[in-house]
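Trainee: I would like to go through the labels used for this model and ask what each one rests on.
Mentor: Go ahead; take them one at a time.

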Amino acid sequence: MSEIGDNIRSGNRRAIGKAITLIESSRADHQKEAQELLSEILPHTGNTIRIGMTGVPGVGKSTFIESFGKMLTSMGIKVAVLAVDPSSQITGGSILGDKTRMEELARDDMAFIRPTPSKGTLGGTARYTREAMMVLEAAGYDVIIVETVGVGQSEVAVADLVDMFVLLLSPGGGDELQGIKRGIMELADLIIINKADGDFINSAKIAAADCRNALHLMKAKSSDWVVDVLEISALNKTGLENIWQKVCLFKDVMKKNGSFEQRREQQDVSAIWSELNELILDKIKQQKPEKLKSFEQLVKNKKITPLAAAEELLRSTFGE
């Protein structure tokens with residue numbers, strides 16, 4: 001693990017990919033090795049800016065990330081992208097086609113793109129997104145972008161993983177209020193109206209005005225930071241410099257008032273409980289498969305409630 005850690009810190013792309021694959025593996029021996037590796041690289045993590053990117057399908061997340069990423073790499077900034085793809089509830093498979101959608105950025109030596117299956121994890125992220133970010137930080141990437149699944153308002157889990165949460169919206173998509181929902185708007189640190197080009201320029205201005213009006217009615221996340229709404233065109237690569245300026249300003253402001261480190265500390269603590277939930281669920285599934293099936297059947301036959309079944313499984317696994 002020490003040798004792999006050294007290769008990661010030297011920026012070896014093969015070592016980075018193998019490390020993330022190891023972390024994502026469900027095998028117990030792989031998980032043990034992954035934890036050894038993470039302990040090895042832990043002191044070399046944290047020196048980056050983590051950006052979470054969410055928005056409904058078709059809003060242009062991949063196009064934006066490629067254009068934004070190429071602009072950053074041209075400035076000598078190393079960029080990593082963790083693109084979470086939805087896993088099929090029927091087959092369990094995932095397309096993992098983000099490298100195809102970001103073809104130019106995928107060929108850039110200053111960039112690293114890793115598609116990851118969600119595997120049923122809620123909130124638009126994958127279970128081991130946090131650990132994958134640690135590997136990329138140790139490898140020396142300056143900016144890490146987490147692109148969520150893109151399924152709607154449930155995509156709030158990424159806010160607990162990143163330093164800056166960005167909401168991407170598009171004009172002319174029908175009801176503009178669909179993008180102005182308290183649950184996700186209140187979490188955003190920056191709102192971007194994409195596709196502000198051609199026939200959509202006026203629609204983009206209207207959408208941006210609607211968002212600004214909505215923000216006035218919401219409680220600010222921080223007294224030191226005012227959430228801005230920017231209009232850009234990822235296709236035409238216009239307005240991207242303004243976004244980078246906002247990202248840099250956000251980092252400076254949050255570091256100055258201590259919120260940057262405080263947010264990361266809170267995220268690390270909340271990760272304990274998130275991991276605990278996963279470990280308990282894994283333990284029950286592994287140790288009580290027959291009992292689990294019997295309770296599933298009882299619930300199907302309406303003999304007991306789902307809550308009663310869950311409580312009994314917990315009691316039988318861990319005792320009173």
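Trainee: Leaving aside neighbours within four places in sequence, which residues is arginine 114 in contact with?
Mentor: This is a predicted model. In it, arginine 114 is in contact with Gly17, Ile20, Thr21, Glu24, Val81, Leu82 and Ala83. Arginine 114 itself lies in strand β3, residues 111-117.

Trainee: Why is arginine 114 called buried?
Mentor: Its relative accessible area is 15%. Buried means under 20%, so arginine 114 is classed as buried.

Trainee: What makes the pairing of the side chains of arginine 114 and threonine 21 a polar contact?
Mentor: The distance is 3.0 Å. The cut-off is a pair of N or O atoms within 3.5 Å, one able to donate a hydrogen and the other to accept it, so the pair qualifies.

Trainee: How do you know that the span of helix α11 agrees with what it should be?
Mentor: Helix α11 covers residues 259-287, which is 29 residues. The expected span is 1.5 Å times one less than the number of residues, which gives 42 Å for α11. The end C-alpha atoms are 42 Å apart, so the two agree.

Trainee: Which residues of α11 are buried, and what do they pack against?
Mentor: Phe260, Arg263, Arg264, Gln267, Ala271 and Ile284 are buried. The partners of the buried residues include β1 (49-54), β5 (164-169) and α10 (240-256).

Trainee: How many of the 320 residues of the chain count as buried?
Mentor: The share is 45%.

Terms used. Residues are numbered from 1 along each chain as its sequence is written. This is a predicted model: local features need pLDDT of at least 70, side-chain atom pairs count only at pLDDT 80 or more; totals for chains, interfaces and linings use all residues. Side-chain values use heavy atoms; hydrogens and water are left out. Helices (H or I, at least four residues) and strands (E, at least two) are DSSP runs, numbered from the N terminus. Buried means under 20% relative accessible area, exposed over 50%, partly exposed in between (1.4 Å probe, protein chains only). Contact means heavy atoms within 4.5 Å.
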